[in-house]
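Subject: Structure handover

Hello,

Here is the structure you are taking over. My notes on it follow below.

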Amino acid sequence: HGRPYCVRIEATLPGHVLTVEQVNTEDAYAALSDAFDSMKRRLDETVQRMHEQTEQAARAAWRAMLTQA
């Protein structure tokens, strides 16, 4: 067996740094594919959480505005 292939991908979003590492001892292409699949899942999850937090903040601001009126 040869040396393992290690793929590391880092992505930054406002307030977030996402990192994935994938090691595959057989196939560099499989390591790349798996790493990008993992990063896509991490990005999807993080963006969804960010969207939910933004919606919650907007609702809270709207409620605060209505209670002041």
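In which strand is L13 found? L13 is found in strand β1. Please keep in mind that this is a predicted model.

L13 is partly exposed, because its relative accessible area is 22% and buried would mean under 20%. Not counting residues up to four places away in sequence, L13 touches L18, L43, T46, V47 and M50. L32 is another matter: it stands 19 residues from L13 along the chain, and the two C-alpha atoms are separated by 21 Å.

The core

The largest nonpolar core has eight residues in all: V7, I9, A11, L18, V20, A31, A35 and M39. Two or more of these residues come from each of β1 (5-13), β2 (16-24) and α1 (28-68). In soluble globular proteins, nonpolar side chains tend to be buried together. One of the core residues is A35. Leaving aside neighbours within four places in sequence, A35 is in contact with V7, I9, V20 and Q22.

S38, in helix α1, is in contact with V20 and Q22, again leaving aside neighbours within four places in sequence. S38 counts as buried because its relative accessible area is 18%, and the limit for buried is under 20%.

N24

N24 lies in strand β2. Its relative accessible area is 16%, so N24 is buried. A polar atom of the N24 side chain lies 3.0 Å from the backbone nitrogen of D27. Apart from neighbours within four places in sequence, N24 is in contact with P4, Y5, A30 and A31. Of these contacts, A31 is also one of the core residues.

Salt bridges

How many salt bridges does the structure hold? There are three salt bridges.

Two of them involve R8. The side chains of R8 and E10 meet with N and O 3.4 Å apart, and those of R8 and E21 meet with N and O 2.9 Å apart. The second pair links distant parts of the chain, with R8 in strand β1 and E21 in strand β2, 13 residues apart. R8 counts as exposed because its relative accessibility is 51%, whereas E21 is partly exposed, with a relative accessible area of 48%.

The remaining salt bridge joins K40 and D44, whose closest N and O atoms are 2.8 Å apart. K40 and D44 are separated by about one helical turn because they are four residues apart in helix α1. K40 is exposed, with a relative accessible area of 51%, and D44 is partly exposed at 42% relative accessibility.

The surface and the end of the helix

Which residues make a nonpolar surface patch of about 380 Å²? The patch is made by Y29, L32 and F36. Y29 is found in helix α1. With a relative accessible area of 68%, Y29 is exposed.

Q68 also lies in helix α1. Q68 counts as exposed because its relative accessibility is 68%, and exposed means over 50%. The C-alpha atoms of Q68 and H51 are separated by 26 Å, and these residues are 17 apart along the chain.

Regards

Definitions and conventions. Residues are numbered from 1 along each chain as its sequence is written. This is a predicted model: local features need pLDDT of at least 70, side-chain atom pairs count only at pLDDT 80 or more; totals for chains, interfaces and linings use all residues. Side-chain values use heavy atoms; hydrogens and water are left out. A nonpolar core is a set of buried Ala, Val, Leu, Ile, Met, Phe, Trp, Tyr and Cys residues joined through side-chain atoms within 4.5 Å. Buried means under 20% relative accessible area, exposed over 50%, partly exposed in between (1.4 Å probe, protein chains only). Contact means heavy atoms within 4.5 Å. Patches are made of residues with over 30% relative accessible area and no salt bridge: like charges are joined within 9 Å, nonpolar side chains (Val, Leu, Ile, Met, Phe, Trp, Tyr) within 5 Å. Accessible areas come from the Shrake-Rupley method with a 1.4 Å probe; for residues, only the protein chains shown count as cover. A salt bridge is a side-chain nitrogen of Lys or Arg within 4 Å of a carboxyl oxygen of Asp or Glu. A polar contact is a pair of N or O atoms within 3.5 Å; within protein, one must be able to donate a hydrogen and the other to accept it, and residues adjacent in sequence count only if both atoms are side-chain atoms.
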